[in-house]
Amino acid sequence: MANESDPTTDVLVIGSGVAGCAAALGAARAGKEVVVATKAERPKDATSWWAQGGVAVSRSNAEGFKQDIVAASDDTADPDAVDVLVENANEAVRDVLIETLDVPFDTEADDPDTFDYGREAAHGERRILHVNASTGRHVLGPFLSHLDEQPNVTIQEDTAALDLLTREGRVHGAICEHDGDSDPIYAGATVLATGGIGALYGRSTNPDGATGDGIAMAALAGADVADMEYVQFHPTAYAGEAAKPFLLSEALRGEGAILRNDGGDRFMPEHHPDAELAPRDVVARAVAAERDRTDDVLLDVSPLDFETEFPDLAANCDERDVDFRSGIPVAPAEHFLCGGIAVDSRGRTSLDRLFAVGECSRTGVHGANRLASTSLLEGLVWGLRAGRTAAASGVNPVIVDAPDLRDSDPALPAAFAAEKFTRLRGVMDEFVGLSRSPDGLRRASAAIRRLKGEVDAYVRTRTSRELYELRAATVTALLITRAARENTDSRGCHHLVDTADDPEVHAD
């Protein structure tokens, strides 16, 4: 039921990564009241914190940047969306990251006034602004601190959005959970910035909370989604089993690191003319194939002054007793969803007063495969544009009846969510990973539908964050699998193999 005492705001932003922060900044600069609701207990729980490589900019060659984005996408990127990204890149980075946040991007050793632009795979030139190999944390921390200082911005940490508040195709905010209580936040405009889907897979570079929340909430409310089949796997995540994978940045290969198989042989020249600098999807499949053939793949960093140039990554190796001098064991890991909630050039979705930015959105920039170091830039550019557009709409929050989320039955059985997530990840890893087949996707679809039915039965009478995260994950997994089944064109991250080539698989 609606309650006039429930909180209201001009703009509600759900998520606190770079895209969410940019949306909040854009709306706040326009003088609007903004609430940022985030599951994160800042800032490490946000996906942006984990971004290593950096932020790509156009510099003085916008056309070259465009060409690299389209080529990496396997010629599937939306040219208009690419134009928006590239033509706004320099100004957005200058305005927010340099002038507002004073991010300490690396500079040339002999010229502290000149940025040290890096090069990464599939980039034709050096255009990556970076801070060591930990750019995300140097951007996100200052961004959140800056928003904290704005009198018209309120950040609600450890707050999870469970459902959107809708009426007749319009979105009026969201029901949010904090400390066990679920209450509506009404908003004139709502911006989803909930990040990725890493929790759907057994190996991912995402934080644990990346459960596809925004995508699922939007889809359940009737919003359009697109390109969900394009799930990108990063080719060089640490392959050790003792700890969560950590990323070995693309910048390593950009500076000369080499991939070698268990026999010490370099193999990438056999797969692509650009060898280690080929697009991510190509390198990831090559690494997986070589691991299958020779057991291990090592990233040889001996051509670099690794400890000096990448001290954060060297420290990660030291913490895990990895001797990087003899090569770092690597394997592909889920990294980024190229599709998501379909949006226009201002972040507007197909539902009135609902926007989406960052990884949960599908702008069209990435097509079938994302170019390295464009994710923070996309979040920044679309976040600012969405925030400004939401603010300019001038719509006051409307109090509508909120659904009554029941919590009448006993608490979930012990380890219920963990066991269901284990099942889901097993299915996604086996059938909806780097390579897919029609038969495997059919099996995956059937298995996930059964799992979703079990989860839905509990959602009807129980309300908890872990249950709604599980619901979001199963809904998002179904969307990915459905899109993969419908798309018979093997492009970029969506790599199809013949059913006859399937290994013996079991969905149950």
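Analyst: Happy to! This is a predicted model. Let's begin with arginine 353, which is buried, with a relative accessible area of 15%. Its side chain meets that of aspartate 352 in a salt bridge (3.8 Å, N to O).

User: And is aspartate 352 buried or partly exposed?

Analyst: Aspartate 352 is partly exposed, at 37% relative accessible area.

User: How many salt bridges does a search of the whole structure find?

Analyst: The search finds 33. One of them joins lysine 39 to aspartate 213, with the closest N and O atoms 2.7 Å apart. That pair links distant parts of the chain, 174 residues apart: lysine 39 is in the loop between strand S2 (34-37) and strand S3 (55-56), while aspartate 213 is in helix H5.

User: Nice. Which residues are linked with Lys39 in a network of salt bridges?

Analyst: Asp213 and Glu469 are linked with Lys39 in that network.

User: Why does lysine 39 count as partly exposed?

Analyst: Because its relative accessibility is 21%, and buried means under 20%. Aspartate 213 is buried, at 10%.

User: Switching topic: which sheet strands does helix H5 touch?

Analyst: Some background on the sheet: it is open, with three strands in the order S11-S16-S18 and mixed pairing. Strand S11 (225-226) and strand S18 (361-362) each have a single partner strand, so one side of each is left without a neighbour in the sheet. Helix H5 (residues 213-221) packs on this sheet, touching S11 and S16, and its direction makes about 45 degrees with that of S16.

Key. Residues numbered from 1 in each chain as written. Predicted model: local features only at pLDDT ≥ 70, side-chain atom pairs only at ≥ 80, totals over all residues. Heavy atoms only, no water. Pairing = 2+ DSSP bridges. Helix = DSSP H or I, 4+ residues; strand = E, 2+ residues; numbered from the N terminus. Contact = heavy atoms within 4.5 Å. Axes fitted to C-alpha atoms, helices over the stretch in contact; angles between N-to-C directions. Salt bridge = Lys/Arg side-chain N within 4 Å of Asp/Glu carboxyl O. Buried < 20%, exposed > 50% of the residue type's maximum accessible area, 1.4 Å probe, protein only.
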